[in-house]
Amino acid sequence: MRKYKILVVDDEHLIRWSLEQNLRKQGYDVGTAASGEEAIKAVQEEAPDLILLDIQLPGINGLDVLQKVKEIDDEIIVIMVTALGVLETAVQAMRMGAFDYVNKPFNLDELAIVINKALETGDLKKEVANLRTVHSHKFGVSQIIGSSRHMKNVLAMVEKIARSDASTVLIQGESGTGKELIAKAIHYESARADKPFMAINCAAVPETLLESELMGHEKGAFTDAKMLKKGLFELADGGTIFLDEIGDMEPGMQAKLLRVLEERSFRRVGGTKDIRVDVRIISATNKDLLKAIEEGAFRNDLYYRIQVIPIYLPALRERKDDIIPLTEHFVSHFNREFGKSVKGISKMAEKFLLEYGWPGNIRELKNVIERAIILENDETLLLEHLPQEIVAKATTSSGPMNFRIPPEGVDIEEVERELIRQALEVVEGNQSKAAKLLHLGIDAFRYRMKKFGFL
């Protein structure tokens, strides 16, 4: 356990000595200073975690020392020590950044409680700051793979939204395009990053439960409401709520959500008190909401309320420039996760990855690479490591006779090996039929089978 460093600043020797002895017994590393000048020097040289600072000091007074300490390191916790009758000065110190104040003469047990509380609060603030840094690094715009024109436009929009006070955003795109990742980037790039990011899938929660999940409920509001429950809006106050699959929200809940958006307040289920919140609401859907409005499945007024700032995420087939960078990213990720050492992707595998339509988008690509890394042990991701549906559909879409050698060339042996494999698969292992498919004699075919490890 880390040993906290405390600096005691007081011009009275007896007080310094008494506090030093008492705090050392409690396990703290203690230093002392008899003046403001000594205190500032100690802060610069030793960087204490907490300072017990007397307001009335000779030379530089305690308030001036506090100001200087905060300029040097704002994270240092300062507890002011005041004489009775100078409450106004203590209040001023709090406004300047002091954590708390204690009066002389003080009770050592009470002082110990104040110090412990201050250090716990300081640790919590550092933990929150660290988490914010970690989440910003993990979910920030810089971590999103996207060099295509479409994605560059999206990421530029994300940065603008994050810096703005926009309270409602609508992200549209097919399943698997990364809508939640974009929502998190908006949150963690914004001033709300140290507040909660709360997500809920509107399609996965029945309407009767969704209201309780979002708004919370009072004790006794319904049969199973045995205690008060805060909803996501209340828990996310100051932060962001992500409403995934909002297009599947039932009409009754849509009306209640619209009221929250318009009033910025709500009532818990069974409650009578309006609760005001400050949240950014990011909605997402893979549905055509305008069509849903025509069919009467989605409220027209809610649509125009949530799509103040719309973002359209392109399907992976519309951003082919990102397929190989994403593949390389997933290879690196799963190498670390599974302790593998795949070093690259073969040109033939790249060709088929680029030709495939990716109906499951980025989620499907991630799953394909994860499966390949788990099951295969080669240093290169080869065509044979890809699922048959990708090879078959890509071949069907382009036609085998339409193959063109890319500018960077191909590995002819890899092409030949893949043709042998496919021929055997098509005829369920019959070597004679497979040889005929490739217009080869049986001996030439078997030679190639042996060459490529099929015999």
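Predicted model: local features only at pLDDT ≥ 70, side-chain atom pairs only at ≥ 80, totals over all residues.
User: Which residues of α17 are buried, and what follows the helix?

Analyst: A residue counts as buried if its relative accessible area is under 20%. In α17 the buried residues are Glu 414, Val 415, Glu 418, Ile 420, Arg 421, Ala 423 and Leu 424. After α17 comes Glu 428, with a positive phi near 55 degrees.

User: Where else does phi take a positive value in a residue other than glycine?

Analyst: Trp 358 has a phi near 50 degrees, and Asn 361 has one near 60 degrees. Trp 358 belongs to the loop between α14 (347-355) and α15, whereas Asn 361 is in helix α15 itself. Asn 361 is buried, because its relative accessible area is 0%.

User: Are Phe 334 and Phe 338 buried or partly exposed?

Analyst: Phe 334 counts as buried because its relative accessibility is 2%. Phe 338, at 31%, counts as partly exposed.

User: Why is the pair of Tyr 356 and Trp 358 classed as edge-to-face?

Analyst: Planes over 60 degrees apart count as edge-to-face. The ring planes of Tyr 356 and Trp 358 stand at 85 degrees, with the centres 4.7 Å apart, so this pair falls in that class. Tyr 356 is buried at 3% relative accessibility, and Trp 358 is buried at 0%.

User: Which other contacts involve aromatic rings?

Analyst: Tyr 188, Phe 197 and Phe 242 are linked by ring pairs into a cluster.

User: What volume does the largest pocket have, and which residues are closest to its centre?

Analyst: A pocket is an open set of points, whereas a probe inside a cavity cannot get out. The largest pocket has a volume of about 930 Å³. Its lining comprises 31 residues, of which Gly 178, Leu 181, Phe 330, Ile 362 and Lys 366 are the closest to the centre. Two or more lining residues come from each of α5 (108-139), α7 (179-188), β10 (240-244), α13 (323-338) and α15 (361-375). By class, the lining has 11 nonpolar, 10 polar and 10 charged residues.

User: How many cavities of 30 Å³ or more are found, and what lines the largest?

Analyst: The search of the whole structure finds 1 cavity of 30 Å³ or more. The largest cavity has a volume of about 40 Å³. Its lining consists of Val 342, Ala 372, Ile 373, Glu 376, Asp 378, Thr 380, Leu 381 and His 385. Elements α15 and β16 (380-381) each give two or more of these residues. The lining divides into 4 nonpolar, 2 polar and 2 charged residues.

User: Where is a cis peptide bond found?

Analyst: Lys 104 and Pro 105 are joined by a cis peptide bond, with omega about -10 degrees. Pro 105 is in the loop between β5 (100-104) and α5.

Notes
Residues numbered from 1 in each chain as written. Heavy atoms only, no water. 1 Å grid on protein atoms, 1.4 Å probe; cavity = no way out; pocket = protein on both sides within 12 Å on 5 of 7 lines; lining within 4 Å. Points joined across faces, edges and corners; volume = space filled by probe spheres on them. Helix = DSSP H or I, 4+ residues; strand = E, 2+ residues; numbered from the N terminus. Nonpolar A, V, L, I, M, F, W, Y, C, P; charged D, E, K, R; others polar. Buried < 20%, exposed > 50% of the residue type's maximum accessible area, 1.4 Å probe, protein only. Phe/Tyr/Trp six-rings, centres within 6.5 Å; stacked < 30°, edge-to-face > 60°.
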